[in-house]
Amino acid sequence: MNPSTRRKFIGQMAGAAAVAALPAALRAQADRAGARRPNVLLLMADDLRPELHCHGVEGIRTPHIDALAARSLRFNRAYCQYPLCNPSRSSMFTGHYPTQTGVMDNRQWWGYRHPDYVSMFRRFRDAGYNTITEGKIFHIGIDDTDAWTVGGAQRRYAPDASEHIDGAASGGAAVAAAATADAATRTQTPERASGSDRIVVLEGDGETYQDYGHATRAIARLKEYKDRDKPFLLACGFTNPHSPPRAPQRSYDQYDVAKVPLPVDYAPRPTVPPGFPALSVVPRNTDLFIGRDSTPESAREMKRAYWAAVSFLDEQVGRVVQALDELKLADNTIIVLTTDHGYHLGEKGRWSKAYSLFDVAVRIPLMISVPGGAANGRVCDRNVEMINLYRTMCELCDVPPPDGIEGVSMTPLLHDPGAAWDRPVYSVVAYRDALGRSVLTEGWRYTQWNEGEGGEVLFDEHADPHELKNLANDPQHAGKLAELRALLNKLPGRTR
Ligand SMILES: [Ca+2]
């Protein structure tokens, strides 16, 4: 950004907090300016673990997301609070842990149980933003309908979450198709499983696929809202690389299947490693290879399909960001790219996210591009949790956060990615009558089920990044175990 555009941008930002990431000498100038707040473009992928070239994954092609990372602060170790769509998004966008929302499946809307909660998008709307939704932001059929000035879908689940609301709009065939794929994660009838557990080659260049349409409509919204009297928050949610993996043939053709690597702990079916509790690896896959074994060959084929789906997503992200640049919105628009949770691609024989508290299931991409931001183009290796997103966006945009939400603003890291930061990261998962809870600190992960009665695991993340060796029963680590048990008990909310 040249000096004149930098001054222009700062003049458009209001509030000292919003400029925490900017050089100190410019803050006073910004403080004096009482003008327009920045726009926000939130790009949400679905089931995207950090399987990106900019995250060091060799072989995958993600040039547009890499380019976005090069103008953002890329968080190398960002974590979701729950490895499933709706619980993660509900936590992320309300600022409450899953143990507080009580939302642990893909059917509950958080607002029924917590009418006092105010979502991040509703907060921005109330603070004077045009809030625009396109694609999947909240889970399919469980939208925060009142959060949006533009878009949004009627909720399809009743408060008891057992029945569809009669006559509710489905949001179109494409949305219904995505919901079918998601349904495979909770009810594995053969029909639903077959909808998810397959590789889909899109016709032509994929122009008729929903994610292409989401990008097209997001671009149209950028044009429509670029010069309004209010700033905008445009949230654009893509379905890729959610199962079934979907991409045009050319996306598959760019990868040699023989060169797609398998994980060190690949197994043909979900496999509990020796020394691990049974609950750490549930016995049935829920997205891919559902109720059937993989072979090394079919596993490589499936992982290539995931890569192809990520590359197609990458192109759609590129289209939207290019449009933003061409519309000259880059100098006053904060861009955030993230997703709802991670994914197993064969690690421990799993092909899903559901019910897993391993690192691959909860670690996610997160990049934040602040115009003129001091940390753009840099990488942050601090552990951060997505519950922080709400306060971070509020601070960057001078929107007052609601009382009582959890998390802290990550703006100190946007100013200095190496700043001191020792906050623990919490993740939660429910499986049948068991509740798993996990805490990550610098170098260590500790996970327990049913307060330890269902087993526990301890990993040295530096020595064992693939989480292959459970140290929970190693007397040498008794002190670390006690420390992390105590830290885990600071997670707010219910434990059963
Ligand atoms: Ca998801």
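Student: Which residues of helix 3 and helix 12 meet?

Tutor: In this predicted model, P63, H64, I65 and L68 of helix 3 meet D314, E315, V317, G318 and V321 of helix 12. A pair counts as a contact if the C-beta atoms, placed from the backbone, lie within 7 Å.

Student: What makes up this contact of helix 3 with helix 12 by class?

Tutor: The contact has 5 nonpolar, 2 polar and 2 charged residues.

Student: How do you know what span is expected for helix 10?

Tutor: Helix 10 (residues 210-225) has 16 residues, and 1.5 Å a residue gives an expected 22 Å. From first C-alpha to last, helix 10 reaches 22 Å, close to that expectation. Its buried residues include Y212, A215, I219 and L222.

Student: What makes strand 1 mostly covered?

Tutor: A residue is buried if 20 or more other C-beta atoms lie within 10 Å of its own. In strand 1 (residues 39-44), 6 of the 6 residues are buried. N39, L41 and L43 point one way, V40, L42 and M44 the other way, and all are buried.

Student: How do you know that strand 1 pairs with strand 7?

Tutor: Pairing requires at least two bridges. Strand 1 and strand 7 (residues 333-338) are joined by 6 bridges and run parallel; L43 has L337 as its bridge partner. Strand 5 (residues 232-237) is also parallel to strand 1, with 5 bridges, and L41 is partnered there by L234.

Student: Why do strand 10 and strand 13 stand at the edges of their sheet?

Tutor: The sheet is open, with 4 antiparallel strands in the order 10-11-12-13. Strand 10 (425-431) and strand 13 (456-460) each have a single partner strand, so one side of each is left without a neighbour in the sheet. Neighbouring strands are turned by 10 degrees against each other on average, direction ignored. Within this sheet, 6 bridges join strand 11 to strand 12, and S438 has T447 as its bridge partner.

Notes
Residues numbered from 1 in each chain as written. Predicted model: local features only at pLDDT ≥ 70, side-chain atom pairs only at ≥ 80, totals over all residues. Helix = DSSP H or I, 4+ residues; strand = E, 2+ residues; numbered from the N terminus. Axes fitted to C-alpha atoms, helices over the stretch in contact; angles between N-to-C directions. Contact = placed C-beta atoms within 7 Å. Nonpolar A, V, L, I, M, F, W, Y, C, P; charged D, E, K, R; others polar. Expected span 1.5 Å × (residues − 1). Buried ≥ 20, exposed ≤ 12 C-beta atoms within 10 Å, placed from the backbone.
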